[in-house]
Amino acid sequence: MATYSFINNGLSGCLITVECSLSRGLPSISIVGMATKAVDESKERIRATIKNSNFNFPKGRIVINLAPADLPKDTSSLDLAIAISILAADSQIKHDISKFSFIGELGLEGQIRPVSGAIGKIISGLKETSGPIFLPSGNSKQAELVNTTGRIVCVSSLKEVVALLNDE
């Protein structure tokens, strides 16, 4: 299951494809695609957030690919996209998420924290994708500066995002 997010690349944002594969095997999460320590640490945040938001965390082997693989990823703003790709791969999300973009750091209780460099990420998202962009409510002021299309959806928790994606 794949979706999109963005990282900062200078003053602009750069599109990142977030792919998730679930398979049988010993429980583990691997993040590949030149992820730095900040992204690698997200594994435990995401696991706790999914469980504390009353969703099932998949058993077995989880592989997350962050493409393009040759670009370093050093941000917690990929957390939300990774969590959504895991839940979608586990059939806990009804919508096809391949047209959606997600930006946000997750808190352990399921809240979505604001991210730095949001304007560059939003501008890149509006140029490079056609679907809705889910952004932390804490970044709503930045979204208002550049959002003329109505494609930005400001959210405050993982539960809220999943409810929107499941038409609840």
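Which residues does serine 157 touch, not counting residues up to four places away in sequence?

Modeller: Happy to. Serine 157 touches Gly110, Gln111 and Ile112, once residues up to four places away in sequence are set aside; a contact means heavy atoms within 4.5 Å. Before going on, please note that this is a predicted model, in which local features need pLDDT of at least 70, side-chain atom pairs count only at pLDDT 80 or more, and totals for chains, interfaces and linings use all residues. Residues are numbered from 1 along each chain as its sequence is written, and side-chain values use heavy atoms, with hydrogens and water left out.

Serine 157 sits in the loop between strand 9 and helix 6. Helices (H or I, at least four residues) and strands (E, at least two) are DSSP runs, numbered from the N terminus. A polar atom of the serine 157 side chain lies 3.1 Å from the backbone nitrogen of glutamate 160. For a polar contact, the pair must be N or O atoms within 3.5 Å; within protein, one has to be able to donate a hydrogen and the other to accept it, and residues adjacent in sequence count only if both atoms are side-chain atoms.

Helix 6 itself covers residues 158–165, and its buried residues are Leu158, Val161, Val162, Ala163 and Leu165. Buried means under 20% relative accessible area, exposed over 50%, and partly exposed in between (1.4 Å probe, protein chains only). An α-helix has 3.6 residues a turn, so residues three or four places apart point the same way. The cover over the buried residues of helix 6 includes helix 2 (42–52) and helix 3 (79–89), along with strand 5 (101–102), strand 7 (112–113), strand 8 (133–136) and strand 9 (152–155). Just past helix 6, aspartate 167 takes a positive phi of about 55 degrees.

Asparagine 54, in the loop between helix 2 and strand 4, has a positive phi of about 65 degrees although it is not a glycine. Asparagine 54 counts as exposed because its relative accessible area is 62%. Asparagine 139, in the loop between strand 8 and helix 5 (140–146), is buried because its relative accessibility is 1%. Leaving aside neighbours within four places in sequence, asparagine 139 is in contact with Pro114, Val115 and Ala118.

Along the principal axes, the C-alpha atoms fill a box of roughly 45 × 40 × 25 Å. Buried residues make up 49% of the 168 residues. Among contacts between residues at least 6 apart in sequence, 71% join residues at least 24 apart.
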